[in-house]
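These are my notes from a first look through a structure that was new to me. I wrote down each thing as I looked it up.

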Amino acid sequence: MSVSGIEESGGPSPDRSASKEYAVVLYVTLDSLTQSDTIPILDITTSATIGRVRLIDCDQYLEHDTLVVHEFFDFPIPNHPYAALSYVWRGNAVDESTVGPRFSVAGAEDGDPVGIHALKHACVAALRLGVKYLWLDRLCIMQTSKDDKRWQITQMFRIYKESAASIVFPGGIQRLVSLDEPTTWINRGWTLQEALAPPRVDVVYAWPHGSGMYHGVFRGDIRELVPGQSAITPLRELLALNGFRSTMFFPSSTGTPTSFRTTIFGLPTDTSVRPVVPDQTTEVVIFMLKNALAFGGETFDERAPAIWRSALFRASSRPVDMVFSIMGVFGVSLDPRGFDADDRLGATVALMRAILAREGGRASWLSLAPYLPPHPRLSTFPVFPKTSVDGRVELALGLTTVGGESKRRAAILDTRRITMPMGSMDEAGYLRISRKAVRIHALPLAFPVPGEGHHDHLESSQTADPPLCCLAFRAIDGTGWRFYGLPEDDVQHPPSSDSVPKDNWKTLAVLVGWHNEFSLEGQWMGPRFLNAMLVREHAPEMFHVESYFELSHKLEGWVNTWEEMDLRIGGPGDPRHASKPHEIQ
């Protein structure tokens with residue numbers, strides 16, 4: 001069964017000119033959708049206009065059992081507040097015998113069908129939040145039109161930002177999932193901006209126990225949505241509950257208290273199973289999102305490193321969408337027509353260039369994931385994980401070997417005391433910034449660097465004063481370096497041309513900022529330490545990142561004496577010359 005616009009709906013045809021603000025592009029009774037032996041396919045292509053925002057009328061859906069979509073002539077829509085749905089394109093499995101009636105959308109048949117009962121819960125949530133309209137990308141975008149999809153991508157952040165709230169369906173749009181049913185919502189690329197852009201974010205889930213209070217490690221309220229079927233809770237509260245063994249629920253009305261467990265954003269990490277990838281543990285993924293969300297008095301610049309970090313380890317079926325899904329968060333709009341579906345590298349460079357070109361734009365991605373190898377064509381950024389539509393992320397692990405044991409830590413940049421640099425970037429991905437830096441010199445492989453790892457330095461009792469003798473450090477990649485006290489006759493002079501031997505090219509430690517390390521459980525471990533990039537010159541005055549240093553906080557005074565240098569960091573390969581898909585990734 002195929003339903004196009006309002007002509008084949010079988011219902012009354014409303015006057016499309018009745019409103020000066022919108023036109024009706026879909027009008028279909030729910031009865032006509034539920035009586036079909038096959039999943040109906042809706043298509044608004046013949047009645048909709050490219051480049052407009054469309055919304056579902058929840059009053060019509062709930063009160064008149066009619067699915068009505070309005071297409072608005074202008075955007076934003078100040079007189080018609082709406083909520084925007086956040087979900088995964090392919091969600092949790094369903095039992096075909098109990099899932100109930102569904103419909104699909106022309107051009108989006110590769111995604112899950114839309115559950116008619118699930119959409120009812122979404123509309124009830126919208127009305128509970130005080131709005132009568134709902135934006136659902138599956139139905140409100142002309143899925144058969146490349147031009148409309150491109151336009152919608154450029155407006156996606158704005159659509160969520162202008163909404164009254166984002167309503168999260170973690171398990172997809174076919175059915176509701178319970179709090180103890182793991183989903184991939186937190187691992188998907190597009191859901192990050194859907195959590196960051198709106199003024200509020202609430203989660204809808206299956207819940208049979210009514211309204212009441214929960215009490216465990218945290219205390220809060222659960223608000224019933226559809227009696228005996230669903231409830232709604234702010235996202236931040238569920239993120240805090242996820243993973244704890246048990247929380248007690250006390251119903252407001254007569255009823256028996258019951259315990260529940262929240263794993264809707266992922267199961268707790270089993271650290272006994274090796275290897276454990278810190279960046280992908282449920283606890284750390286949640287930790288990153290919580291730090292990316294606006295809460296309290298944090299500025300955007302303070303949250304930006306966590307936003308980059310949260311985005312890096314998410315997944316999408318199209319690699320380029322990993323850039324399109326966050327560009328609006330940074331106030332940037334790229335033209336999707338300028339990039340192939342696999343061109344994540346080219347789109348990333350374009351995003352960085354646009355960020356730095358904006359007033360106040362900063363290179364907040366520096367030292368994004370210091371334990372991952374730098375990208376071979378964009379070394380100020382780590383290698384891109386391989387992603388898939390089912391939420392899987394495959395990483396190139398950056399492992400350090402200390403005392404014969406492979407270890408990997410996770411850290412996040414803390415910009416509360418050191419401001420990330422402004423600058424510019426050229427088309428080849430070379431970042432031009434001014435930053436404190438110091439010349440460093442490689443130590444022989446056999447040279448002892450005392451201590452147990454790259455956190456330690458030779459003068460372990462050093463104070464904040466500049467050291468009086470040489471210091472030796474180990475970089476995250478395990479290499480040893482001397483920072484101080486080099487005799488003058490050992491100084492390597494900068495190259496004057498391409499003919500200068502590579503042995504004479506400079507290597508620098510470049511200050512990035514403060515890092516806080518956290519555990520596999522997503523908790524701060526402390527203490528904070530100074531992070532510096534290890535950059536090597538590969539052409540005259542052109543550097544690339546090879547690794548990073550973690551320097552003791554006791555050395556802050558000395559680090560502040562480093563020379564301010566104008567640097568050009570990128571490459572060493574040229575992203576414009578990547579010709580094979582695997583090279584782009």
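I began with strand 15, residues 247–251, and sorted its residues by face: Thr247, Phe249 and Pro251 are on the covered face, while Met248 and Phe250 are on the uncovered one. I note here that the model is predicted.

Next I looked for the strands that pair with strand 15. Strand 12, residues 212–215, pairs with strand 15 in the antiparallel sense, over 4 bridges. In that pairing I found Gly212 opposite Pro251. Strand 16, residues 258–260, also pairs with strand 15 in the antiparallel sense, here over 3 bridges. Thr247 has Phe260 of strand 16 as its bridge partner. Strands 15 and 16 make a hairpin, and 6 residues lie between them.

**Aromatic pairs**

I then searched the whole structure for aromatic pairs and got 21. One of them is Trp207 with Phe249, an edge-to-face pair with 5.0 Å centre to centre and 90 degrees between the planes. Phe249 belongs to strand 15, and Trp207 sits in the loop between strand 11 (201–206) and strand 12, so I logged the pair as a link between distant parts of the chain, 42 residues apart.

I set a second pair beside it. Phe473 is in strand 27 and Trp558 is in helix 12 (residues 556–559), so the pair ties together parts 85 residues apart in sequence. Phe473 is buried at 0% relative accessibility, and Trp558 is buried at 2%.

I also listed a cluster linked by ring pairs: Phe300, Trp308, Phe330, Trp365, Phe381 and Phe384.

**The sheet with strand 27**

I recorded an open sheet of 3 strands in the order 26-28-27, with antiparallel pairing. Strand 26 (441–442) and strand 27 (472–474) are the edge strands, and each pairs on one side only. Strand 27 is joined to strand 28 (residues 480–482) by 3 bridges. Arg474 is opposite Gly480 of strand 28.

**His544**

I looked up His544 and found it in strand 31, residues 542–552. Its relative accessible area is 11%, so I put His544 down as buried. Which side chains does the side chain of His544 meet in polar contacts? That of His538 is joined to it by a polar contact of 2.8 Å, and that of Glu546 by one of 3.3 Å. With neighbours within four places in sequence left aside, the contacts of His544 include Ser379, Leu534, Ile569 and Pro572.

The largest nonpolar core here has 147 residues, and Leu67 and Trp135 touch the most other members. Another core, of 20 residues, lies apart from it and includes Ala475, Leu530, Leu551 and Val559.

Last, I took down the totals. I have 13 helices and 32 strands for the protein, and 56% of its 585 residues are buried. Of the contacts between residues at least 6 apart in sequence, 69% join residues at least 24 apart.

Definitions and conventions. Residues are numbered from 1 along each chain as its sequence is written. This is a predicted model: local features need pLDDT of at least 70, side-chain atom pairs count only at pLDDT 80 or more; totals for chains, interfaces and linings use all residues. Side-chain values use heavy atoms; hydrogens and water are left out. Helices (H or I, at least four residues) and strands (E, at least two) are DSSP runs, numbered from the N terminus. Buried means under 20% relative accessible area, exposed over 50%, partly exposed in between (1.4 Å probe, protein chains only). Contact means heavy atoms within 4.5 Å. Two strands pair if DSSP finds at least two bridges between them. A nonpolar core is a set of buried Ala, Val, Leu, Ile, Met, Phe, Trp, Tyr and Cys residues joined through side-chain atoms within 4.5 Å. A polar contact is a pair of N or O atoms within 3.5 Å; within protein, one must be able to donate a hydrogen and the other to accept it, and residues adjacent in sequence count only if both atoms are side-chain atoms. Rings of Phe, Tyr and Trp (its six-membered ring) pair if their centres lie within 6.5 Å; planes under 30 degrees apart count as stacked, over 60 as edge-to-face and the rest as tilted.
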